[in-house]
Amino acid sequence: MPHCVFCGKVTTTHEGLKRHIVGRLECRTQYESMIEEVEAENLDDAPDVDFPHQDAAPGHVHPRPSPDMGDNPALSKTRRVTVKEVEDEDGMSFTNNGRYFEPRTDAGWALHEGETSFEKYRTYQEEEGEDPWSPFEDKEEWDLAHWLIKNLGQTWTEEFLKLPITQNRSKLSFHNNRSFLQRVDKLPHGPGWTCKKVTVCGNCEDDKGEMLQEDIELWSQDPVECVKELIGNPAFKEHMAYSPAKAYADRAGQHRVIDEMWIADWWGKKQNALPEGATIAPIILSSDKTSLSQFRGDKLAWPVKLDCFTPDARSLAGYCLFHHCMALLLQPLIGAGNDGVEMVCADSWVRPYVADFPEQCLVSCCKENRCPKCLVAANDRGDALNSAMRDPESTKEILHKRKIGQHPPEFEANGLRAVYKPFWADLPHADIFLAFTPDLLHQLHKGVFKDYLVKWCIDIIGEDEIDAHFKAIPNYPGLRHFKKGISSVKQWTGCEHKEMQRVFVGLLSGAVPSRVLVVARSILDFLYHAQLHIQTTESLEALQTALTVFHANKDILKELAVREHFNIPKLHQLSHYVQSITLLGAADGFNTKLPERLHIDFAKDSYHASNKRDYEEQMALWLQRQEAVFIRSAYLDWLSQQPHSNPHDFDADSDTDSESETPNLPAAEPLQASHVLAKVPAHPHQSVQTIITAHGATEFLPALQSFLLKNLPHNTIVPGLQDRFNLYRQVVIVMPPDLRLPSGRKPGTPAQFDMALIADRPRSSHLHTLEGVRVAQVRAIFTLPHQFGAYSRALAYVEWFTPFKPPDPSSRMRQVSRSTRQLRRNAAVIHVDEIVRPCHLMPRMGQSVDLRLRSGNAYEVANDFYFNEFIDGEMFCACVIK
């Protein structure tokens, strides 16, 4: 078995040996010295051990010994791009998403081996003789407790436990809600909640002539302890990165790839300012007010009314109170960032910030008519300017001068508020202005698109005409059909914005002036590029180009009297997207829709679980109990995956194929796309006449005969009206996921007579380009009857469209038309596995919609179409991203 030549430690796998040498300081030091000696003697027989230093790149990518570069991170100066192939469970080799990494070997060093909280708790339970689900009697009782705490409030829990069937048959160890919660409170939980009283002295006097005061409660958890809980959770170990790196799409390192923060620029730049081997644990802070009550707006999560101030001073006092409370909340991070905190995984702290625009202005101490990131003038935000970024040190100096009675001109010029002690003033390693992240939800979907672009276009076209255009959009699997148009929609959600975006450019083509169409196309290009989960050098250039095109053509809206100016805060924020993505990673990872979802989980649900009186303490206790149940559930999941051995033997050398220092690789892509049909045909033994009439397959027999001549040349049977065929309702195409796109997309639902892209040969991966594909309408999916011989591949009857025509100069959308032969539709029978994926066509409607045109008949009435590349992210990438 593998063993360490330095200390004699025996491991079960070579991967465990590598982790042991990395994690044990004495062995690592001896290994480094040995490597130096081997290289000094120019020998080639160094032990075959990768030395990852907590592994700077995921997917088991390590620096390797070479004559040019040693494994000692202190000596690693040469720029390299490396990749290692990994074998999956099926024995198939693949690279880490085709990326090559340039790791940092001077970061993320392991100090020593340690036990996670789960490992410590397992040791405690075995020493005390407890069962894993203690303090509950058995697994079934634990499952019931988990269900009760997640789904029922205290009143309903009490009623459930009082039911005769529960008391007589269940034989539970708890008989009412009180005894149940007593057991829940025995579960280990995360950092405790504390309450601090903040006394605010106002500027109003009471009846006695004394200044009014108001006491505010600040409920919080220690942020350092929270990070310890998260970073020490072994459930996350396969998804963690402890040192920065750069990723490239090519081995030469010419084409940069950016998705997560650890391969963006900010982490690497901060690493340069820290001691060698230090580990950065970036902290994402998010703040936003939220209403707790459903029908009354008087219960809010963080804003307070501050009646002790006069109305003219109340707003500024609220800003100062926010910064004071945030400073109290984040105080533990100051010491952690300056001195470091030894944890199982990390010992240094820095942070970005997620907030919507008003909250960003609040945090940056600037007025809402100014940019919270840069010093652009209040009236210049609509121009394509590269203004200087705000600087934390100079901002603090200006605020200090203002505090001591001076009147620096920069205070008004920079649009600052008199918040003299920002909460971020003493936080180390933090530039609060660079830390503000893009807000896809409020800035793009709800902001620039819905509030501005859609409104501008409605003003140009008119509500009736734009509604008619939306009504005539052809169906597509998973696409929402606005059957009444959009003018009558009063309450919009982010999902509805995205559905509109999928058809908006094609809908406007021919309906608005060409320069307006260029403006709309540039905004949609920017929006789709900004949402990519993986950004590249080329996609970031395209993002900036889209913004440049918008600014070059936006004045058409002034000429049409649609807009007087473009001094729009959300529009200006787009100028910072490229910089933010380059520094912090893909914008999708910092979307404010994520913390807004937590309003429901952590604020609204906890409030509704209280009795609505003195609810703050009840909310904290409810959250603590929810967290305790979550931790126990995660612990049991982790325990079920561990080998049955003494907990003292469980360490980094355990027999596992994954390395604790590297994030988990996604599953390997399948070698071949699969086309899945139902086991039983939906319409068996259908006549040819039914296929012709019900499916519109007017050229079915000639097309089938041509197919048989080509693929079954020895067949002597001529197909005719007497033959019957098994027809299928749909084919499901299983393709590997496109990693450039956000996960969690809804699967499309099948539709009749879908448009599809047909390839000249089966495809082995998702769609990368439109080369070698052609549009066709699928009218029937069937199999050959037995009289034609044994033929296992399913078939489809399709009607062709013309090859792609040159794109429209304004919308840049490709155009296709119905293909005909001798005045009849050009049809063919093809193999089902030649279908690449569904696609969407939009009829060229012009300024006015043909009265005959409806969503259900658009493909039959119209003849000329736009190929809709905005129908989903994969299609957009295939059409636009090279």
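**Aromatic rings and the cores around them**

A: One aromatic cluster is formed by Phe118, Tyr121, Tyr124, Tyr635 and Trp638. The model is predicted, so local features need pLDDT of at least 70 and side-chain atom pairs count only at pLDDT 80 or more, while totals for chains, interfaces and linings use all residues. Residues are numbered from 1 along each chain as its sequence is written, and side-chain values use heavy atoms, leaving out hydrogens and water.

Across the structure there are 29 aromatic pairs, where rings of Phe, Tyr and Trp (its six-membered ring) pair if their centres lie within 6.5 Å, with planes under 30 degrees apart counted as stacked, over 60 as edge-to-face and the rest as tilted. Tyr528 and Phe870 make an edge-to-face pair, because their ring centres are 5.1 Å apart and their planes stand at 80°. Since Tyr528 belongs to helix α19 (residues 514-530) and Phe870 to the loop between β26 (864-867) and α29 (873-880), this pair ties together parts that are 342 residues apart in sequence. Helices (H or I, at least four residues) and strands (E, at least two) are DSSP runs numbered from the N terminus. Tyr528 and Phe870 are both buried, meaning under 20% relative accessible area, with exposed over 50% and partly exposed in between (1.4 Å probe, protein chains only).

Phe550 and Phe566 also form an edge-to-face pair, at 6.3 Å centre to centre and 90° between the planes. Here Phe550 is in helix α20 (residues 537-553) and Phe566 is in the loop between α21 (555-559) and α22 (569-573), so the parts tied together are 16 residues apart in sequence. Phe550 and Phe566 are buried as well.

The account now turns to the cores. The largest nonpolar core has 85 residues, and Trp456 and Leu757 have the most contacts inside it; such a core is a set of buried Ala, Val, Leu, Ile, Met, Phe, Trp, Tyr and Cys residues joined through side-chain atoms within 4.5 Å. Helix α15 (residues 440-461) gives the most to this core, contributing 11 residues. Not counting residues up to four places away in sequence, Trp456 touches Ile523, Phe550, Leu557, Val562, Arg563, Phe566 and Ile568, with contact taken as heavy atoms within 4.5 Å. A second, separate core has 22 residues, including Phe118, Val629, Trp638 and Leu639.
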